[in-house]
Amino acid sequence: MQAIWEVAPWLLGMAVLIAASAFFSGAEAALFCLRWRDRRALASGNRAQRFAERLLHDPDRLLSAVLFWNLVVNLSYFAIASTVGLKLRRDPTVGDLELVAFTVGALLVLIFFSEMLPKSVAVVKAPMISTFVAIPLTVAVRLVDPVMPALRFVNLVSRRVLWPGFQTEPSLALSDLERAIEMSTTDADLAKHEKSLLQNIVSLSDIRTDEWMRPRKQFRAFVPPVRLADLNGELPQGGYLFLGEEDGSVVSAVNLTRLCDLKVDHLEEHAAQVIYVPWCATVADTLQRFQQEDRDVAAVVNEFGETIGVLTLVDIVETIFGHQPSRVERVLNREPIEPVGDGTWLVATLTNLRSLSRHFDRKLPSSRYSTVGGVMHETLERIPIPGDRCRWGPFELELLSDVEQGRGVVRVTLADGEPRT
């Protein structure tokens with residue numbers, strides 16, 4: 001009992017250090033778990049919320065300060081724990097078993113109460129915890145600022161000494177990621193699916209939005225007010241109700257698949273604003289804007305500012321997780337390229353040139369258009385009509401049905417007479 005009273009002040013100090021370590025661990029987890037939507041809300045909130053958002057303007061500075069204080073706190077904790085252990089060791093009433101129990105208990109208490117518990121709570125309640133810790137954490141970060149140059153210098157010297165030939169790569173190559181997948185699993189089927197998924201993700205940076213969008217003629221944009229009866233009892237293709245102006249532009253959209261309580265009148269009250277992206281932007285750029293602005297529908301505009309189509313988050317997700325993603329399958333519910341024998345194929349006018357090149361394993365001429373229907377328009381220098389024929393690259397093209405509504409079909413023949421490899 002006497003030993004307990006002697007070490008009581010030290011135990012109190014350890015409890016304070018555990019609370020301090022929990023503060024920094026929880027603050028780190030909460031701030032770095034904030035989504036773009038949370039950051040926008042904090043930026044327009046009260047003083048503490050604005051402080052929390054500003055801390056993330058320089059994440060390297062924030063992380064360095066948090067790690068510095070956590071290191072100081074933990075080293076102090078173990079120093080006090082060692083002192084307490086020495087005092088207990090000198091007490092004849094404390095046995096070896098009690099001493100081992102204290103040492104192990106001190107470690108487990110630190111792991112659970114200063115790491116696991118605070119980080120778990122912070123991840124679940126990130127905006128609330130970020131607001132709570134913002135002001136004291138800002139003070140702690142500023143206290144470290146005078147020694148930050150020295151810390152960066154030590155970090156630089158350590159890297160130069162330990163890894164003198166290390167160079168930062170500007171980006172990871174797809175082959176590097178594929179090798180990482182192969183080494184991470186022994187299941188061949190799983191590795192194949194992961195590679196396909198990875199290739200689809202990487203391809204987003206090469207696909208333009210006009211290649212993957214739903215063309216303007218493939219959906220209807222309602223002018224508010226909109227009633228449930230206007231849908232004629234059918235869910236619009238893709239699950240979105242698009243709202244626009246008389247000129248055909250798309251202004252907002254309603255994701256009907258997420259609504260469980262629909263009003264009979266004024267469906268526009270459920271609408272969210274769309275973002276606007278140029279036709280030449282990549283799908284990867286559009287996906288990044290979706291994440292940053294918390295949106296899931298983009299109106300694709302041409303150089304004159306006219307809406308020529310829409311691209312939704314669902315479309316991008318289908319691109320990523322589809323085995324061989326195709327806009328024709330998604331929009332028209334049919335195969336983009338169908339063989340009919342005798343060396344000919346039926347190709348939807350909406351089929352993009354990337355799919356055509358991949359299917360026939362042919363290098364295609366450059367074109368300002370991205371679809372088969374577009375290159376016929378470009379080659380003929382007019383809107384094609386059924387029966388029109390033209391030669392484009394290695395193909396003979398013949399339009400079989402009207403391109404109205406984007407549902408035209410083209411008969412494709414390899415002009416060079418060589419079979420597809």
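1. A quick definition to start: a residue counts as buried under 20% relative accessible area, as exposed over 50%, and as partly exposed in between. R411 has a relative accessible area of 31%, so it is partly exposed. Please keep in mind as you read on that this is a predicted model.

2. Together, R389, E398 and R411 are linked in a network of salt bridges.

3. The surroundings of those three side chains are worth a look. E398 has a relative accessible area of 15%, so it is buried, whereas R389, at 60%, is exposed. R411, as noted, is partly exposed.

4. The structure holds ten salt bridges. Another one for your list is R208 with D210, whose side chains meet at 2.9 Å, N to O. Here R208 is partly exposed, with a relative accessible area of 22%, while D210 is buried at 9%.

5. Now to the rings: there are nine aromatic pairs in the structure. For F24 and W69, the ring centres lie 6.3 Å apart and the planes meet at 5 degrees, so the pair is stacked. F24 belongs to helix α1 and W69 to helix α4, so the pair ties together parts that are 45 residues apart in sequence. F24 is buried, at 8% relative accessibility, and W69 is partly exposed, with a relative accessible area of 22%. Ring pairs also join F23, F24, F68 and W69 into a cluster.

6. A second ring pair has another geometry. The centres of the F360 and F395 rings are 5.1 Å apart and their planes stand at 65 degrees, so this pair is edge-to-face. It links distant parts of the chain, with F360 in helix α14 (residues 353-360) and F395 in strand β12, 35 residues apart. Both F360 and F395 are buried.

7. Which residues touch the most other members of the largest nonpolar core? Of its 39 residues, they are M14, L31, L62, Y77, V84, L88 and L137. Helices α1 (2-32), α3 (47-55), α4 (59-90), α5 and α6 (126-144) each supply at least two residues of this core. Apart from it lies another core of 18 residues, among them L353, L356, M376 and L397.

8. Leaving aside its neighbours within four places in sequence, L31 is in contact with A52, L55, L56, L62, S130 and L137. L62 and L137 are also named with L31 among the residues that touch the most other members of the largest core.

9. Finally, please check the nonpolar surface patch of about 1,000 Å². It is made by F78, V100, V104, L107, L108, V109, I111, F112, F113, M116, L117 and V121. Helix α5 (residues 96-124) gives the most to the patch, with eleven residues. V121 is found in that helix, α5, and is partly exposed, with a relative accessible area of 40%.

Terms used
Residues numbered from 1 in each chain as written. Predicted model: local features only at pLDDT ≥ 70, side-chain atom pairs only at ≥ 80, totals over all residues. Heavy atoms only, no water. Patch = residues over 30% accessible without salt bridge, like charges linked within 9 Å, V, L, I, M, F, W, Y side chains within 5 Å. Areas by Shrake-Rupley, 256 points an atom, 1.4 Å probe, with all protein chains shown as cover. Salt bridge = Lys/Arg side-chain N within 4 Å of Asp/Glu carboxyl O. Helix = DSSP H or I, 4+ residues; strand = E, 2+ residues; numbered from the N terminus. Buried < 20%, exposed > 50% of the residue type's maximum accessible area, 1.4 Å probe, protein only. Core = buried A, V, L, I, M, F, W, Y, C linked by side-chain atoms within 4.5 Å. Contact = heavy atoms within 4.5 Å. Phe/Tyr/Trp six-rings, centres within 6.5 Å; stacked < 30°, edge-to-face > 60°.
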